[in-house]
Amino acid sequence: MRRLFLATLLISAAAIAYEILLMRMLSIVQWHHFAYMIISLALLGYGASGTFIALCQDFLKPRFELSFSISGLLFSIAMVACFVLGQRVPFNALEIVWNSRQFFYLAVTYLVFFVPFFFAACCIGLAFTCRPSFINRIYFFDLLGAGLGAMLIVGLLFLLAVQHALVMLAILALIASALMRMTSTARKPLIVMQLACLAILLLGLQRDWLEMRTSEYKGLNQAIQVVGSNVLTVSSSPLGLLTVVESPRVPFRYAPGLSVNTDFEPPEQLAVFTDGDSMSAITRFDGNLDALGYMGDVTAALPYALLHEPHVLILGAGGGADVLLALYNGAGNIDAVELNPQMTKLVTDTFADFAGHLYDNERITVHTQEARGFVARSKDRYDLIQVALLDSFAASGSGVQALNESYLYTVEAIQEYLQHTAPGGMLAITRWLKLPPRDNLKLVATVRDALQKMGIAEPERQLAIIRSWNTSTLLVKQGKFSADEIAVITEFARSRSFDTAFYPSMPASAANRFNLLDQPFLYDGVTALLGEDADDFVARYKFHIAPATDDKPYFFHFFKWRSLPEVMALRKRGGASLIEWSYLILIATIVQAVVAGVFLILLPLSRIKRSWPQGTGTRMGSYFFLLGLAFLFVEMAFIQKFILFLSHPLYAVAVVLSGFLMFAGLGSACSGRLTHRAERFGHSPVSIAVAGISTIALLYMVLLPVLFQQLMGLADGTKIIISVFLIAPLAFCMGMPFPIGLSRVANNIPDFIPWAWGINGFASVISATLATLLAIEFGFTAVVLLALGFYIGAAATIHNYFSPLENRP
């Protein structure tokens, strides 16, 4: 039994770690981590395995050790094989807009990555089915393994590349298989297969097999196609895969918003790509500021024309371009905040000579922290807070970021920035320019709401916007712009052939004079947003430009259903960029999850003989279906909510998943005690558990924003511990309703047990993606409230259905 417990722990650890590893891989080869899809297909594997075991248990039970060992071996093989095969499916997210075959390739990708989780779940399911007297201890090691696996993979990704971490996980599953084969009657063939698998993992895997195939549309792939380009270094961590590229024959010229009138040329630059895109530049610098003359001719230089030797805070230092911008334009002291320590190391160490030891300048202080957390903890007030242009032009214009949570551009974030701005100081945000305007207008709407919530009656008196041919820079002043400052803004723009898009009392004739458009789209939109009919304009606009909030942090989500027919008609006439493909993938994933769940879980279950009273199936099926929806709704909402606190999606997924699994397991283990005590006093144990869930969840909806605000600046390790403690009580209560209901089923209608597992698994499969969709449309609060409604509905469904004092046939 000790070998079984250890094997269960290893399989569970490898499965959850592989789940997170796939998210990391997809972030690199595509543009998004697709957490909702990976969680959905993992749950599909667990649901389908339960159905498989229910159908084949008469054959599997007498061969338990052999079946477990073979399943573990197949899990080890499938992890590597499906990692390789999944990237060879010709799925390209960008093409989904004009190539309908991509929906088929998406489904194939979904099913390929489902396979390893099916084999992993077979191991766990076999242990439950064939060793029922040890089910509590097996369940404990299952959940303990999941928690350890989530922590393991985050640590491994700091030490190893994704491909090497994959091999380590495959070896874990192989060890679990070897532990079980010791008691198997098929010992020799298993030993041969296991040793062969180990030899292949350690010695036989060719490097190009595991090489990640980044989308050809990503910036890195395009950069290395240039003649003479060369990859200088690659560094990997959970925060990003950083690739540094030089191109001596066709030099990089990264200067977003550079004036067409400039007389200056950027010096030599190295391109730094994060996960194959989101380019930043390390600029050659020898201490001579005159060589940076072009830095005075970009739209982001505007605030420096209005401020004298400002104390500057730069959020998103990257390769140091914005730090050089501040230095050239006469900043006094500079605080530069960068999330990824490996990015900072490139500037301070690896390419320190190339960058002129930029960060050694006594005027510059570099902080390796998350931007919101740093601002929340800082006691300083700055003359200028500059939010760097963090994404690439291609990514910004192609709709790839629609599902990305961004807490940099929410109402609450803008309020925090302005609260840390000195009187007369400014907030400056530069964004890529899209046509028709989308994120530029959404940013204005967000800033307007933030100012109004701060008690500013006339937000239009504190805003100014200029634009070049490809960027716009928004200034928000702590106070009203004066006539002299407006004159400086207009002269700065005129002398560099930038267009003024808005400033207080700006006449319409001053817009659209240099970088000519068919009409002054940005000026018209900003004017409408700052006018009396702003809400009507937002409702009528063809894109979703309502303000982003911490409850709905999808700043780059612009999709509107009513605009879909129009933009689809334009997709083959240059209008593909108007369609958010990532939103379409989310919808397609929900559909394929439903179809896969029906065919792999529910239809096979229909072959099992049913012998329960009429109406029982509907009532109990509803109970377990509602529980499946509710649990995943809360879990997905917390994953997305904790991204703000933990700074990165991968951290949030690892911590929230492991926390919910471990403490829900403890809750499940204590559910029998709760049932016994509740029934002694004539109460429903499910109702008590649901009351606890509802109370804690509602309390968290009020307290979490305040707690996050106060604790966001703490070290990552401390925040992870705090997160686990916050998750614990809610997850503990959420672990009770399912085993309570299952024990009632086991005592009264045991034939329904496979259906209870299957229905709950089916609901879990679809809820992972459905929760993401609802969060985008209605916010995390709505998703949690809906989950509580499901829990209450489930409690009402089972309440008094089975009397605790008697068994009803």
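Figure 1. The mean positions of the 56 positive and 56 negative charges of the protein chain lie 13 Å apart, where Lys and Arg count as positive and Asp and Glu as negative, while His and the chain ends are not counted. The place of a charge is taken as NZ of Lys, CZ of Arg, CG of Asp or CD of Glu. About 31,300 Å² of accessible surface belongs to the protein chain, and 60% of this comes from carbon and sulfur atoms; accessible areas are computed by the Shrake-Rupley method with a 1.4 Å probe, and for residues only the protein chains shown count as cover. Residues are numbered from 1 along each chain as its sequence is written, and side-chain values use heavy atoms, with hydrogens and water left out. Because this is a predicted model, local features need pLDDT of at least 70 and side-chain atom pairs count only at pLDDT 80 or more, whereas totals for chains, interfaces and linings use all residues.

**Figure 2. Secondary structure and burial in the protein chain.** The protein chain holds 28 helices and twelve strands, which are DSSP runs numbered from the N terminus (helices are H or I with at least four residues, strands are E with at least two). Of its 809 residues, 61% count as buried, a word that stands for under 20% relative accessible area, with exposed meaning over 50% and partly exposed in between (1.4 Å probe, protein chains only).

**Figure 3. Strand β3 and its two partners.** Strand β3 covers residues 269–274, and five of its six residues are buried, so it is largely enclosed by the rest of the structure. Strand β2 (residues 240–246) runs antiparallel to β3 and is joined to it by four bridges, with Thr243 standing opposite Phe273 in β3; two strands pair if DSSP finds at least two bridges between them. Strand β4 (residues 277–283) is also antiparallel to β3, here through six bridges, and Thr283 in β4 is the bridge partner of Gln269. The hairpin of β3 and β4 has two residues between the strands, and in this hairpin Asp275 takes a positive phi near 55°.

Figure 4. Thr769 is found in helix α27, which covers residues 753–778, and because its relative accessibility is 0%, Thr769 counts as buried. When its neighbours within four places in sequence are left aside, Thr769 is in contact (heavy atoms within 4.5 Å) with Tyr36, Met37, Ser40, Leu586, Thr589 and Ile590.
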